[in-house]
Amino acid sequence: MNGGETKMNASFLSRMRRSDDDLDPAAAAAGSAEGTLLLVDVREPDEFRQLHAPGAEPVPLGRLAAHLQRLGAAGKPVAFVCRSGSRSAMATRQARQAGIDAHNVAGGMLAQHIVTKGRSVEAMV
């Protein structure tokens, strides 16, 4: 990642943080759509198939350790999402311990769905 991208990502994240670890759901969706961050859904595959945010990559929490090196190598901040924010908070801590710029999507998919009134989530049939 070049210096300009790093500054852009830092600026984007600083505006959208709820805390050092948490990102607003709408900001996470926007960052994913803009390509300024990776959005990783740590729910189980059946949960992901039922409903997920556009652009989210499915990596169940139990398999996260096997993906950390690849996620870190992307050179972008990573936002983790789950149903309510609990599993994604665990994923955020695990990724940060691995040296990744990681953030939890506050409130998870429940908040994402409420914030967007269902428009930006994809239901797979």
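Here are a few questions and answers on the salt bridges of this predicted model.

Local features need pLDDT of at least 70 and side-chain atom pairs count only at pLDDT 80 or more, while totals for chains, interfaces and linings use all residues. Residues are numbered from 1 along each chain as its sequence is written, and side-chain values use heavy atoms, with hydrogens and water left out.

User: Are Arg 43 and Asp 41 buried or exposed?

Analyst: These two form a salt bridge, with their closest N and O atoms 2.7 Å apart. Buried means under 20% relative accessible area, exposed over 50%, and partly exposed in between (1.4 Å probe, protein chains only). On that scale, both Arg 43 and Asp 41 are buried.

User: How many residues apart in sequence are the parts that Glu 47 and Arg 87 tie together?

Analyst: Their side chains meet in a salt bridge at 2.9 Å, N to O. Helices (H or I, at least four residues) and strands (E, at least two) are DSSP runs, numbered from the N terminus. Glu 47 sits in helix α3 (residues 45-50) and Arg 87 in helix α5 (residues 86-97), so the parts they join are separated in sequence by 40 residues.

User: And which strand does Glu 57 lie in?

Analyst: Glu 57 pairs with Arg 70 in a salt bridge, the closest N and O atoms being 2.5 Å apart. Arg 70 belongs to helix α4 (residues 68-73), whereas Glu 57 lies in strand β3.

Technical notes:
Salt bridge = Lys/Arg side-chain N within 4 Å of Asp/Glu carboxyl O.
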